[in-house]
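Welcome! Take a moment to look over the chain below, and then we will walk through it together, from the overall picture down to a pair of residues.

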Amino acid sequence: MFQAKRRKTYRQEITSNYQPRFKGLYKLDPKLFLLPSFRKAISENTEESFRRIISEPFPGVFVFKMFQPEFFEKLLFEVENFRKWARETNFTIRRPDNTSKYGVVLDDFGLDIMLKQLMEEFIFPICKVFFPEVCGTMFDSHYGFLTENGEDRDAEVDFHVEDSEVTLNVCLSKQGEGGEIFFAGTRCKKHMDTDPKPEEYFDYCHIPGQAILHRGCHRHGARATTSGRRANMILWCQNSLFREMQTYEPEFSDWCGQCVHEMKEKESQILAVKRKVKRLESEAEPPRKK
């Protein structure tokens with residue numbers, strides 16, 4: 001409650017004093033910012049239409065293009081304008097996490113309305129098809145931020161999971177080498193720290209203009225940026241009902257790689273015991289009289 005009140009006061013101070021550079025950015029204009037092919041797929045709202053614009057290079061990792069170049073340019077300029085205002089007014093910027101020195105929470109300076117619209121009208125329909133188990137009737141909250149990594153910016157994020165049901169990661173710009181994203185298996189809370197299986201590893205080279213959609217519990221990180229820097233917009237889509245339901249989940253989750261592995265092992269052990277019991281019973285039977 002105290003943190004929520006502080007955050008509200010913090011945002012009110014920004015909105016009362018900060019003058020946006022691109023006011024049109026604060027309300028999503030689909031025709032201006034989204035690609036026609038992406039808008040068409042969303043309007044048809046079928047798995048077939050989504051598959052036409054989305055690739056799945058690895059199970060649970062979906063890649064597609066959705067934004068016009070103008071959106072990236074304006075968003076990066078707006079973030080830099082906000083930073084400039086903060087420096088000139090000696091205002092402390094809240095960072096996305098404790099390790100970040102350059103990241104910016106987009107929700108804090110008024111972009112939360114645009115991101116909420118993006119999540120509800122354009123990301124949710126895709127998630128309803130590819131991640132139905134976590135969607136419910138609608139995501140009910142989000143967390144949007146921008147990260148910058150590389151030379152003179154934040155170090156790459158280590159192996160982690162995210163506080164989201166589904167994460168949208170959009171590469172806004174990239175100059176230089178490195179920074180590939182690696183995935184290492186989905187996990188429930190109980191198995192978050194278990195070792196990945198060889199078949200769960202997947203490396204993806206994120207390029208400007210592309211978006212990645214994946215479960216928040218799909219463990220991932222980024223390789224070191226060896227030269228240059230990159231900027232990404234991250235949107236965490238959250239569902240409180242799914243989180244409440246998780247408290248009643250069964251012993252094994254069918255989406256957790258480790259749960260599936262343990263369930264198969266348990267089934268194999270049960271089958272082995274049944275075979276052994278059957279063999280012993282067969283050996284214990286008295287020979288039939290001729």
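Predicted model: local features only at pLDDT ≥ 70, side-chain atom pairs only at ≥ 80, totals over all residues.

**The chain as a whole**
- You can find 9 helices and 10 strands in the chain.
- The chain has 290 residues, and 45% of them are buried.
- If you take contacts between residues at least 6 apart in sequence, 80% of them join residues at least 24 apart.

**Histidine 220**
- Look for histidine 220 in strand β9, which covers residues 218-222.
- Histidine 220 counts as buried because its relative accessible area is 5%, and the cut-off for buried is under 20%.
- Its side chain makes a polar contact with the side chain of glutamate 162, at 3.1 Å.
- Phenylalanine 182 is 38 residues away along the chain, yet its C-alpha atom and that of histidine 220 are separated by 5.4 Å.
- Setting aside neighbours within four places in sequence, the contacts of histidine 220 include Asp158, Phe159, Ile181 and His214.

**Histidine 218**
- Strand β9 also holds histidine 218.
- With a relative accessible area of 3%, histidine 218 is buried too.
- Beyond its neighbours within four places in sequence, histidine 218 is in contact with residues including Phe58, Pro59, Gly60 and Val61.
- His160 and Phe183 are among the contacts of histidine 218, and both are also in contact with histidine 220.

Notes
Residues numbered from 1 in each chain as written. Heavy atoms only, no water. Helix = DSSP H or I, 4+ residues; strand = E, 2+ residues; numbered from the N terminus. Buried < 20%, exposed > 50% of the residue type's maximum accessible area, 1.4 Å probe, protein only. Contact = heavy atoms within 4.5 Å. Polar contact = N/O pair within 3.5 Å; in protein donor to acceptor, adjacent residues only side chain to side chain.
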